[in-house]
Amino acid sequence: MYTGINTSTTHHSKEWYQESAVFRVSLANFLFFSAFSLVMIGVKDQNDKRDALHHGGWIFKIVIWALLIVLMFFLPNVIITIYEKISMFGSGFFLLLQVIMLLDFTYTWNDAWVEKDEKKWYIALLAVSVGCYIAAFTFSGLLFIWFNPSGEDCGLNVFFIVMTMILAFGFAILALHPRVSGSLLPASVISVYCAYLCYNALSSEPRDYVCNGLHKRSKGVSTGTLILGMLTTVLSVVYSAVRAGSSTTFLSPPSSPKSGGRKPLLESEELEEGKIEKKGTEARPVAYSYMFFHLIFALASMYSGMLLTGWSSAQSDGSDLIDVGWTTVWVRICTQWVTAALYVWSLVAPLIMPDREFF
């Protein structure tokens with residue numbers, strides 16, 4: 001099955017063939033969704049013929065997708081190597097969008113409950129916020145037990161965990177500052193997410209690393225862990241695609257009902273002229289950006305390739321484990337720091353630039 005991947009006389013390891021196969025499938029998915037993203041540029045209403053292609057034509061799509069996967073295995077290795085390097089940047093951009101979506105979700109959640117303007121909802125906000133903070137600090141305490149074994153010098157792990165706790169504490173202080181129009185709920189949710197990223201980073205350390213006390217005896221990744229990880233990724237991708245495509249802070253088409261600058265379907269002049277009967281035949285605007293929807297999935301295709309190959313680090317450590325290695329550790333720690341920076345920016349930006357609207 002590997003003769004189509006390697007046409008040279010150079011001998012490659014089993015891990016090289018595995019990584020190459022993963023990136024070839026990833027490239028097929030990337031090209032598939034990128035092509036649809038380009039096709040969907042400018043779709044504003046449901047009368048557009050491309051709307052039917054977006055929602056239907058599944059047999060055609062499956063055939064094209066399958067052909068792309070087959071064709072990728074006939075491409076020269078150098079093209080896959082180039083795509084692998086580009087995927088690192090595309091995956092980083094995908095992670096950045098994930099963080100922005102999380103911030104958007106927390107602010108939307110907080111605003112929805114505050115707008116109800118009832119005592120029970122304020123109590124619910126406080127309860128959820130306190131619960132999230134208890135979970136964040138409790139989880140951080142467990143990380144000390146799991147990734148700082150007694151008798152070992154684990155300064156790097158201690159630094160990551162302490163930094164996570166400092167960030168959570170700093171989020172609360174900044175959000176409750178009288179000059180900042182913040183709220184404890186977003187701060188607590190971001191704190192839990194940062195603790196989760198810290199755990200993911202530390203659990204991705206090599207299995208023979210003495211400070212990885214949680215997994216040092218494991219020889220592989222459990223099926224449950226893989227299923228949970230992939231399910232989380234799929235759910236986050238779907239949410240990002242739909243939410244980013246429909247949010248007014250992103251690439252919503254001007255005609256979308258989610259867009260703040262939309263125009264009424266019927267102008268006052270038309271009403272005066274008795275043209276109300278045309279209302280039923282007017283095109284309904286799309287609810288989200290189809291172009292951005294497919295773009296998210298294209299970036300997710302890059303990210304999945306990096307995820308399954310441990311950010312292309314499997315060859316260097318000879319490991320068969322998925323998403324394990326120092327590259328993965330630092331990618332996730334950097335994601336945590338970027339998450340913290342974006343959240344802090346969302347709080348201080350209105351003070352620095354009061355004339356602009358954020359979220």
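The structure holds 1 disulfide, a term for a pair of cysteine sulfur atoms within 2.5 Å. The model is predicted, with local features needing pLDDT of at least 70, side-chain atom pairs counting only at pLDDT 80 or more, and totals for chains, interfaces and linings using all residues. Residues are numbered from 1 along each chain as its sequence is written, and side-chain values use heavy atoms, with hydrogens and water left out.

Select C154 and C211 to begin. Their sulfur atoms lie 1.9 Å apart and form the disulfide. The torsion about the S-S bond is about -95 degrees, so this disulfide is left-handed. C154 sits in the loop between α5 and α6 (155–175), and C211 in the loop between α7 (184–203) and α8 (223–246), so the pair ties together parts 57 residues apart in sequence. Both C154 and C211 are buried (under 20% relative accessible area, 1.4 Å probe, protein chains only).

Next, select C194 and C198. The sulfur of C194 is 9.3 Å from its closest cysteine sulfur, in C198, too far for a bond. C194 counts as buried at 1% relative accessibility, and C198 at 0%.

Finally, display helices α4 (residues 77–115) and α5 (residues 119–147), whose axes come within 8 Å and cross at roughly 150 degrees. That makes α4 roughly antiparallel to α5 (an angle over 145 degrees). Axes here are lines fitted to C-alpha atoms over the stretch in contact; helices are DSSP runs (H or I) of at least four residues. Where do they meet? W109, N110, W113 and V114 in α4 meet W121, Y122, A124, L125 and V128 in α5, contact being heavy atoms within 4.5 Å.

How values were computed. Axes are lines fitted to C-alpha atoms, for helices over the stretch in contact, and angles run from 0 to 180 degrees between N-to-C directions. Helices (H or I, at least four residues) and strands (E, at least two) are DSSP runs, numbered from the N terminus. Angles under 35 degrees count as roughly parallel, over 145 as roughly antiparallel, 65 to 115 as roughly perpendicular and the rest as oblique. Buried means under 20% relative accessible area, exposed over 50%, partly exposed in between (1.4 Å probe, protein chains only).
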